[in-house]
Number of protein chains: 2
Amino acid sequence: MRLVIARCSVDYAGRLTAHLPLATRLLIAKADGSVLVHSDGGSYKPLNWMSPPAKLTVSVPEEDQREAGVVETWTVQHAKTDDRLVVSIHEVLHDSEHELGVDPGLVKDGVEAHLQKLLAEHIATLGEGYTLVRREYMTAIGPVDILARDDAGRAVAVEIKRRGEIDGVEQLTRYLELMNRDPLLAPVTGVFAAQEIKPQARTLATDRGIRCVVLDYDALRGIDDVDSRLF
Amino acid sequence: MRLVIARCSVDYAGRLTAHLPLATRLLIAKADGSVLVHSDGGSYKPLNWMSPPAKLTVSVPEEDQREAGVVETWTVQHAKTDDRLVVSIHEVLHDSEHELGVDPGLVKDGVEAHLQKLLAEHIATLGEGYTLVRREYMTAIGPVDILARDDAGRAVAVEIKRRGEIDGVEQLTRYLELMNRDPLLAPVTGVFAAQEIKPQARTLATDRGIRCVVLDYDALRGIDDVDSRLF
DNA sequence: CTTTATATCTCGGGA
DNA sequence: TCCCGAGGTATAAAG
């Protein structure tokens, strides 16, 4: 990995064209040929970049460029597409090379999968008498997060999201449409369950007869405690 | 901006919990308190990070941590949420500080907005006799990209995407449903226009009576040339 | 391999 | 401010 602090301008041409005027920035050249251009702010997204696999070529600029103050040119060409990033360096303020090795990678925990597991274990959260049929119930167009039955034994398809938005309601609608054509399942009702449900999603769901349930992640995790407190 | 190459382990707790085992990585501490942890591969996304606004506190570790080999601890606390990133540094291989200043920012060109503008200017691409009513036609659930009228004066709602996928068809369907309740507009037909339309999106659109149009970006840009070549 | 759903998404615009 | 849609989305999982 090479780290360079430089006054530079940057041009990208590919799925769009973009230009960064002359300023001081951090350039990161990674082992796989990818290059990141970072400023001293914003979030983790670089101002401009080239994704791997790519080839970085460092060259001495043409004479007209040198007269304009460019001392070094980085041309980063993507290996598969015709995306190209050109960094015109006017002044190098820092330059260092480092050996990092392969990273063991990130260990994550606790997202939608966890919510699904918790709700499956405590399916009565949806209402008394609810029973779990199965998680990841397969249909022709994909798996429904949870299939359950209500107290009257009717099938209930549950779609779970961390944040409930309109896409999720559309997704559940497609599942319901399909499942209701199956005489062994129909009539199937829908439940849209999320930690947070956006107003537009709620409106659309209600309009389509889909029930919305807001999940309390902490309560689900501590449901045994809650149960014991009930007595 | 501070750049550190270090052998370190990293823990994040916030919207999820995540852990990075001990390895050599690049740490970037930005002026706004944000911190990025990068490896020598992957793409522009860091292995782990803290978004601004945040506060970075560098401290000498507790004795049990020091015995485990930790020489320095970075605690990055988000200013508004309770997200927290902790970097346990075992060995510092490089450490430098740089003054970058404020970045003038990126100049972009050519995305969906550009396609919309081009199609609005050359609405006859959709068919002879088509006329533009307006771009960004407001409805209760959001703006329709283009409202036009066909050669018979019937309203046509156009949804434009760079890549036409299923959610774009859903979006247009919602608009059409709503607009067709308006007696001043009805009947409204739909056109799904994109540079590239995925087979599933095309199937769904066709099934719902929505016409698909593949846009040629270069042809739209050079439409005057094309016109002149016709004679 | 392509397609689909998710993301600590980020980022910008509009009400 | 919140909400919604777009992204050079990236990325992992599934068919």
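Analyst: The surface near DNA strand D has 7 nonpolar, 5 polar and 9 charged residues. Near means a heavy atom within 4 Å; Ala, Val, Leu, Ile, Met, Phe, Trp, Tyr, Cys and Pro count as nonpolar, Asp, Glu, Lys and Arg as charged, and the others, Gly among them, as polar. This is a predicted model, where local features need pLDDT of at least 70 and side-chain atom pairs pLDDT 80 or more, while totals for chains, interfaces and linings use all residues. Residues are numbered from 1 along each chain, chains are lettered from A and ligands numbered from 1 as written, and side-chain values use heavy atoms, without hydrogens and water.

User: Which residues are the closest to DNA strand D?

Analyst: A:Asn48, A:Trp49, A:Gln200, B:Ser43 and B:Arg162, out of 21 that surround DNA strand D. Sugar and phosphate make up 75% of the DNA strand D atoms within 4 Å of the protein.

User: What does B:Ser43 touch there?

Analyst: A polar side-chain atom of B:Ser43 is 2.6 Å from a phosphate oxygen of DNA strand D.

User: Switching to DNA strand C: how many residues surround it?

Analyst: 17, and the closest include A:Lys161 and B:Asn48. A side-chain N or O atom of A:Lys161 is 2.2 Å from a phosphate oxygen of DNA strand C.

User: And which base atom of DNA strand C does B:Trp49 approach?

Analyst: A base oxygen, 3.2 Å from a polar backbone atom of B:Trp49.

Definitions and conventions. A polar contact is a pair of N or O atoms within 3.5 Å; within protein, one must be able to donate a hydrogen and the other to accept it, and residues adjacent in sequence count only if both atoms are side-chain atoms.
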